[in-house]
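Please keep the structure in view while reading.

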Amino acid sequence: MTIALYPGSFDPVTNGHLDIIKRALVLFDKLVIGVYDRPDKRLLFNTAERVALIKGATKGLNNVSVRSYSELTVHFARKVGAKVMVRGLRMSSDFEHEFELAMMNRKLAPDIELVCMMSSIQYQFLSSSLLKEAASLGGCIDDLVPPNVAKALLAKLGTRA
Ligand code: ADP
């Protein structure tokens with residue numbers, strides 16, 4: 001049985017993340033979504049909220065679990081028995097960063113393999129940060145996030161999304 005870890009900030013989870021999650025589930029027996037507790041980013045949702053939003057958005061999916069973590073990602077991968085880490089790649093923005101991360105992770109944990117999945121075309125330009133900016137200014141983001149996230153953004157930002 002192959003367990004994969006999909007780590008990230010997920011602030012909040014978007015349809016781009018969900019697309020990667022569903023496609024990864026075709027490849028792996030189990031997918032653990034790891035919500036990093038303290039990314040080097042300004043967060044809108046706290047860790048418990050980010051976990052709850054992913055749980056809500058993946059309710060109908062089998063073989064998915066959602067957990068937060070605060071240690072090194074590769075240590076968390078070992079802890080959950082994952083031999084593979086999954087990351088999503090958008091057209092231009094992600095490659096260099098993901099490559100650097102992958103090289104560091106390979107050095108730290110050569111036993112863990114990385115699988116990068118290309119973002120589907122309709123989500124190539126979707127990022128949590130742009131999404132938050134658009135939502136905070138009242139832009140309609142309903143087709144970019146699952147309904148529970150649209151609701152949470154509306155509640156948090158107080159604008160009509
Ligand atoms: P991190 O802070 O670890 O980059 P993110 O939540 O921003 O956390 O992203 C988690 C993973 O999901 C990363 O591999 C990122 O490239 C990928 N990702 C983010 N948005 C998309 C998208 N629209 N399509 C595909 N992959 C995405």
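A polar contact is taken here as a pair of N or O atoms within 3.5 Å, and on that basis a nitrogen atom of the ligand, 3.4 Å from an N or O atom in the side chain of Arg90, makes such a contact. The model is a predicted one, and the ligand in it sits in the largest pocket.

- An oxygen atom of the ligand lies 2.7 Å from an N or O atom in the side chain of Lys41, while a polar side-chain atom of Glu98 is found 3.4 Å from an oxygen atom of the ligand.
- On its own the ligand has 560 Å² of accessible area, of which the protein covers 90%.

**The shell around the ligand**

- The ligand is surrounded by 17 residues, and the closest of these are Tyr6, Ser9, Lys41, Gly88 and Leu126.
- Sorted by class, this shell contains 6 nonpolar, 6 polar and 5 charged residues.
- The ligand sits in the largest pocket, and the elements that contribute two or more residues to the shell around the ligand are strand 1 (3–8), helix 1 (15–27) and strand 4 (84–89).

**The largest pocket**

- The largest pocket holds about 1,100 Å³ of space, and of the 46 residues that line this pocket, Gly8, Ser9, Lys41, Arg87 and Glu98 are the closest to its centre.
- Two or more residues of the lining come from each of strand 1, helix 1, helix 3 (73–79), strand 4, helix 4 (95–108) and helix 5 (128–136).
- Helix 4 makes the greatest contribution to the lining of the largest pocket, giving 7 residues.
- The lining of the largest pocket divides by class into 19 nonpolar, 15 polar and 12 charged residues.

**Backbone of the loop between strand 1 and helix 1**

- Most residues other than glycine have a negative phi, and most peptide bonds are trans.
- Phe10, which lies in the loop between strand 1 and helix 1, has a phi near 50°, a positive value in a residue other than glycine.
- Pro12 also lies in the loop between strand 1 and helix 1, and the peptide bond that joins Asp11 and Pro12 is cis, with omega at about 0°.

Key: Residues numbered from 1 in each chain as written. Predicted model: local features only at pLDDT ≥ 70, side-chain atom pairs only at ≥ 80, totals over all residues. Heavy atoms only, no water. Near = heavy atom within 4 Å. Polar contact = N/O pair within 3.5 Å; in protein donor to acceptor, adjacent residues only side chain to side chain. Areas by Shrake-Rupley, 256 points an atom, 1.4 Å probe, with all protein chains shown as cover. 1 Å grid on protein atoms, 1.4 Å probe; cavity = no way out; pocket = protein on both sides within 12 Å on 5 of 7 lines; lining within 4 Å. Sits in = over half its atoms within 2 Å of the grid points. Helix = DSSP H or I, 4+ residues; strand = E, 2+ residues; numbered from the N terminus. Nonpolar A, V, L, I, M, F, W, Y, C, P; charged D, E, K, R; others polar. Points joined across faces, edges and corners; volume = space filled by probe spheres on them.
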